[in-house]
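Subject: Structure for you to look at

Hello,

Here is the structure I said I would pass on. Please open it and keep it beside this email while you read.

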Amino acid sequence: MTTSVPSTRRDVNDVHMFQAPDSLPQNLQKVLVDLIELHLQSKQAHWNLVGTNFRDLHLQLDSIVDTARRASDTIAERMRALWVVPDGRSDTVAATTTVPAITPGELNTTETVDTITDRIYAVVDTMRTVHDDVGAADPSTADLLHAIIDALEKQAWMLKSENRKA
């Protein structure tokens with residue numbers, strides 16, 4: 001099931017308002033649902049983590065949750081600044097995210113590192129996929145994507161290093 005994102009609302013009295021093409025809110029909605037899903041899956045892993053290096057990974061997952069939550073808020077607020085209504089409802093997120101589902105139950109620390117790293121890169125892939133269209137429509141919004149990609153890739157590097165062997 002897909003949901004449609006309402007196009008930008010334009011006030012006829014405000015001729016200076018940015019006129020976003022319909023592709024911009026649709027692309028931002030894709031990014032938003034993936035960021036929300038990353039936040040939720042990282043918190044799920046945080047709660048159900050077991051194994052070696054539990055405490056450090058438990059705390060690191062909270063950092064990823066915070067990054068994803070802040071990023072989703074940034075994207076949703078940018079959508080509102082463009083007079084678009086973001087849709088972060090759980091049914092919308094579940095129906096439209098591109099992030100693979102996380103397994104239920106307790107999660108081993110080593111597997112969790114790989115799982116959450118893959119989820120981070122899935123979100124980054126979504127952002128990179130829409131980036132050129134977003135940049136063509138609104139370079140200011142593309143700058144937000146740059147900052148979020150940078151933050152997420154840093155989180156992925158730090159997390160993936162837990163399992164890496166020199």
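Predicted model: local features only at pLDDT ≥ 70, side-chain atom pairs only at ≥ 80, totals over all residues.

Helix packing

Two packed helices are described by the angle between their axes and the distance between the axes.

Start with helix α1, residues 23-48, and helix α4, residues 109-137. Their axes come within 9 Å and cross at roughly 165°. Angles over 145 degrees count as roughly antiparallel, so α1 is roughly antiparallel to α4. The crossing in which α1 passes α4 is left-handed. On the α1 side, the residues that make the contact include L24, V31, L35, L38 and A45. On the α4 side, I116, I120, V123, M127 and V130 are among them. Sorted by class, this contact of α1 with α4 holds 13 nonpolar, five polar and four charged residues.

The second pair is α4 and α5. Their axes also cross at roughly 165° and come within 9 Å. These two helices are therefore roughly antiparallel to each other, and their crossing is left-handed. The contact of α4 with α5 has 19 nonpolar residues, six polar ones and four charged ones.

The contact of α1 with α2 divides into 16 nonpolar, six polar and three charged residues.

The nonpolar core

Which residues touch the most other members of the largest nonpolar core? They are L35, I75, I116, I120, M127 and L152, out of 42 residues in that core. The elements that give two or more residues to the core are α1, α2 (54-81), α4 and α5 (139-160). Of these, α4 gives the most, with 10 residues.

Leaving out residues up to four places away in sequence, I75 touches L28, V31, L32, L35, L145 and I148. One of these, L35, is itself named above among the core residues with the most contacts to other members. L35 also takes part in the contact of α1 with α4.

Most residues other than glycine have a negative phi, and most peptide bonds are trans. Two residues are worth a look on that account.

N53 is not a glycine, yet has a positive phi of about 65°. N53 is found in the loop between β1 (49-50) and α2. Its relative accessibility is 32%, so N53 counts as partly exposed.

W83 is not a glycine either, and its phi is positive, near 65°. W83 lies in the loop between α2 and α3 (90-96). Is W83 buried, partly exposed or exposed? At 38% relative accessibility, W83 counts as partly exposed.

Finally, find K165 in the segment after α5. K165 has a relative accessibility of 73% and therefore counts as exposed. The C-alpha atoms of K165 and V113 are separated by 14 Å, and the two residues are 52 residues apart along the chain.

Regards

Note on methods. Residues numbered from 1 in each chain as written. Heavy atoms only, no water. Axes fitted to C-alpha atoms, helices over the stretch in contact; angles between N-to-C directions. Helix = DSSP H or I, 4+ residues; strand = E, 2+ residues; numbered from the N terminus. Parallel < 35°, antiparallel > 145°, perpendicular 65-115°, else oblique. Left-handed = near helix turned anticlockwise from the far one by under 90°. Contact = heavy atoms within 4.5 Å. Nonpolar A, V, L, I, M, F, W, Y, C, P; charged D, E, K, R; others polar. Core = buried A, V, L, I, M, F, W, Y, C linked by side-chain atoms within 4.5 Å. Buried < 20%, exposed > 50% of the residue type's maximum accessible area, 1.4 Å probe, protein only.
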